[in-house]
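Hi,

Here is the model I said I would pass on.

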Amino acid sequence: MGHAHEYCIYIGNSGVVMVSRVVSGAHYGLRDWLMQRITAVIMAVFSVFLAGFFVLHTPLQFGDLKQLFSHDPMRYFTLLFFLSLFLHAWVGMRDILMDYVHSAVVRLALHSAVIVSLVIYFMWAVQIIWGK
Amino acid sequence: MKKQRPVHLNLFQIKLPISGIVSLLHRLSGALLFLILPFILWTLQASLNTEESCNNLINTVKYNPILKLVIMFFLWAFLHHFMAGMRFLLLDVHWGCELHQARLSAKWVMLMSIASTLAIAGWLW
């Protein structure tokens with residue numbers, strides 16, 4: 001259920017009329033707005049770190065890369081990066097689909113496809129980070 | 001009296017300001033990056049799996065100019081998304097909100113995303 005808000009509506013020069021309007025919505029706007037920014041900062045820090053590593057270890061060798069990802073802090077940092085990436089991608093893709101796909105059935109199907117893909121990618125990422 | 005204004009949002013008929021173009025490309029690049037996620041994960045997997053799979057990956061890219069171009073395109077998508085995102089974060093903390101500043105930063109995002117893509121391309125190959 002939405003909250004009732006009072007608005008002032010100006011009608012020409014004749015005066016002001018107060019109206020009551022119900023603002024509906026799931027109220028996830030601010031939470032998602034904040035999440036999009038926090039995940040962006042986490043990914044930016046990780047990207048700059050990884051870019052720095054590439055610059056310092058050029059040309060890139062398997063051994064250097066393998067060693068970097070063998071440290072537990074790096075593994076958790078990578079997991080945090082992917083978690084941020086998938087949350088960020090969900091909010092972004094959801095917003096794009098809400099804007100351009102007007103058929104509710106198609107939109108629901110695409111939203112579901114995005115969620116399922118991201119969950120699978122997450123499991124895949126865990127497997128890559130902690131695999132052999 | 002009703003004003004005559006375009007009520008459609010036909011992208012081929014409206015002229016977007018530079019910050020609108022940056023915003024649109026931010027969306028487009030974001031959607032592109034989402035679509036190539038499986039390739040990014042696959043690349044990470046191949047580079048960390050065995051020395052052989054890592055070298056195979058490097059050699060595949062090394063001798064394939066078309067693949068290099070494709071990778072450079074996605075690198076641009078990443079850099080544009082990154083820089084435009086940084087710009088949005090700065091706007092969120094009310095940095096550069098004046099119209100002329102916002103236009104200038106939008107131009108810088110367009111310029112630097114392309115320049116850095118070319119610089120990295122030149123550095124790698």
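Below is what I found in it, starting with the conventions.

This is a predicted model, so local features need pLDDT of at least 70 and side-chain atom pairs count only at pLDDT 80 or more, while totals for chains, interfaces and linings use all residues. Residues are numbered from 1 along each chain as its sequence is written, and chains are lettered from A and ligands numbered from 1 in the order in which they are written.

Chain A first. Along the sequence the order is β-β-α-α-α-α. Of the 132 residues in chain A, 10% are buried (20 or more other C-beta atoms within 10 Å of the residue's own, with C-beta atoms placed from the backbone).

On to where the chains meet. The contact (C-beta atoms, placed from the backbone, within 7 Å) takes 16 residues from chain A and 17 residues from chain B. On the chain A side, α1 (29-56), α2 (62-68), α3 and α4 (104-130) each supply at least two residues. That side divides into twelve nonpolar, two polar and two charged residues (nonpolar: Ala, Val, Leu, Ile, Met, Phe, Trp, Tyr, Cys and Pro; charged: Asp, Glu, Lys and Arg; polar: the others, Gly among them).

One helix pair spans the two chains. The axes of α4(A) and α2(B) (residues 37-49) come within 10 Å and cross at roughly 10° (lines fitted to C-alpha atoms over the stretch in contact, with angles from 0 to 180 degrees between N-to-C directions). That makes α4(A) roughly parallel to α2(B) (under 35 degrees). Y121(A), W124(A), A125(A) and I128(A) of α4(A) meet L37(B), L41(B), L44(B), Q45(B) and L48(B) of α2(B). By class, this contact has eight nonpolar residues, one polar and no charged.

Cheers

Note on methods: Helices (H or I, at least four residues) and strands (E, at least two) are DSSP runs, numbered from the N terminus. A residue is buried if 20 or more other C-beta atoms lie within 10 Å of its own, exposed if 12 or fewer, and partly exposed in between; C-beta atoms are placed from the backbone. Two residues are in contact if their C-beta atoms, placed from the backbone, lie within 7 Å. Angles under 35 degrees count as roughly parallel, over 145 as roughly antiparallel, 65 to 115 as roughly perpendicular and the rest as oblique.
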